[in-house]
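Please keep the structure in view while reading.

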Amino acid sequence: MRVSVIGTGYVGLVTATCFAFLGHDVACLDINEKRIEDLKQGKVPIYEPHLEELLIACKAKNKYPIFSTDAKEVISHGEFIFIAVGTPPQANGEPNLEYLKSAAETIGQYMQDGAIVINKSTVPVGSGNWVAMLVENGIALRASDASKHTSTLTKLNFSVASNPEFLREGSAIADTLYPDRIVVGSDNQEVANKLKGLYRVLSEQEFVAPDFCPRLENFGKVEVISTDITSAEMIKYSANAFLACKISFANQMANICDLVGADVLEVMKGIGSDERIGHRFLNAGIGWGGSCFGKDVDALIKIAEEYNYNPEMLKATKKINYAQRDLVIKRLQEHLKIIKGKKIGLLGIAFKPNTDDLRDAPALDIAAALIKLGARVVATDPIAIENCKVQNPGFELSYVNNASELAEGLDALILVTEWQEYLDLDMKDILSRMNGNLFIDGRNQYSPSKMRELGFTYIGMGRA
Ligand code: UDX
């Protein structure tokens, strides 16, 4: 089937490449010329494990996506047109819908009759109707253009659907090829059936799994949830809000554990064994960051407030999360007393391992707070340093290439991002390079007793 994808960010590029790998004919549009030129040559502009290999696999199957900045070429190609443009947060918490608006109007100008326009971007509830209106506007532009050239234009049919994504950065390919569910939101049964048809190879798992991203044993068919557009849009927000709540719940329990002398790891293990609760997303620490949780929780708060409803639980989820970052500073003050002039090291800058993404990264807030208090802050990260330098010019953070260099002369070391290589460190060697012995385990990855045996003053998050 012919698929067009507007936007080649994380979501657009992963979606497009996976559809191509599954055998569809895919064309991708972006306004960023450099990005498109790179992609034409197989250069992947973002860090996402296996994405480059997947593009190579598409080439081998003769299914390499068309990458273009020509809206007409890409949009007129698709029976299915996916909108996967960014909806970044604005200062007031509402998403910026400028790119979505422009994409929908452009689709109206160039789409073929009968196209299905599918929203993959995370959009405020009700955007399905809004996108339909914007596509109509685009069609009207085309009609007025045509009338200038005295040709007639027949009425164009199209439908709008919602198909939220649930992929995580760093495991986006596996999340797309082997999802827990596929959500198809449409108010028209025929359209829903067509979308299900597009996904059939995936939902039935009828493709040969790539060697670099194998299918887990016992992974069966994928549930396709077919619902109305508004519910599909709400599913996306609720899923992220729930995961954010789950982490904030674990963090609140961690803080109580600290007070009463319990270990939050034991407590979460104990509650996670209850199948109704589950083990995942209960890791307490310095909390969530990234491009989705904060943005989506904020947007959902705004949506509720539009209806004069006060979503207290969502507000508390946010408040608890960001307080975890302050807690790190509090712990440093408790143990170092004076922060001014102290040298503090951050292990990891990215908001989580396996990505170079720094959006809402706890490391940036922690570094900024420490710099403000007069500390000398040094950081390392396997891949995010370049991004950090480019995105934060003038930031008084210094960078080193690895953990050993980082440890030199430190008064305190903080694990911010649990990259695997930071979990396999020779901590005895790290301690010998430090000036002090304070270690704050912001991700609860180390054994408190082993760290104390080595001579560290070990502070976890809720490890008593
Ligand atoms: C998230 C959702 O998981 C995904 O379904 C959605 O489509 C996009 O948003 P992502 O932001 O890529 O994905 O990362 P995720 O793995 O969910 O982690 C988000 C943040 O939560 C990270 O900062 C991570 O460190 C933190 N986290 C996660 C915890 O603090 N504790 C946990 O138990 C799990």
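## Basis and backbone

Helices (H or I, at least four residues) and strands (E, at least two) are DSSP runs, numbered from the N terminus. The model is predicted, so that local features need pLDDT of at least 70 and side-chain atom pairs count only at pLDDT 80 or more, while totals for chains, interfaces and linings use all residues. Residues are numbered from 1 along each chain as its sequence is written, and side-chain values use heavy atoms, with hydrogens and water left out.

Most residues other than glycine have a negative phi. Asn62, which sits in the loop between α3 (51-60) and β3 (66-68), has a positive phi of about 65° although it is not a glycine. Asn218, in the loop between α8 (189-203) and β8 (223-227), likewise has a positive phi, of about 70°. Buried means under 20% relative accessible area, exposed over 50%, and partly exposed in between (1.4 Å probe, protein chains only); Asn62 is exposed because its relative accessibility is 71%, and Asn218 is exposed at 77%.

## Salt bridges

With a salt bridge taken as a side-chain nitrogen of Lys or Arg within 4 Å of a carboxyl oxygen of Asp or Glu, a search of the whole structure finds 25. One of them joins Asp38 and Lys34 at 2.7 Å, N to O; these residues are separated by about one helical turn, because they are 4 residues apart in helix α2 (residues 33-40).

Glu165 and Lys236 form another salt bridge (3.1 Å, N to O). This pair links distant parts of the chain, 71 residues apart, with Glu165 in the loop between β6 (158-162) and α7 (172-177) and Lys236 in helix α9. Glu165 is buried at 8% relative accessibility, as is Lys236 at 5%.

A cavity is a set of points, on a 1 Å grid over the protein atoms alone, where a 1.4 Å probe fits but cannot get out, and lining residues have an atom within 4 Å of a point. Grid points are joined across faces, edges and corners, and a volume is the space filled by probe spheres set on the points. The structure holds 1 cavity of 30 Å³ or more, and the largest cavity has a volume of about 50 Å³. Its lining includes Asn119, Ser162, Glu233 and Lys236.

Conventions
1 Å grid on protein atoms, 1.4 Å probe; cavity = no way out; pocket = protein on both sides within 12 Å on 5 of 7 lines; lining within 4 Å.
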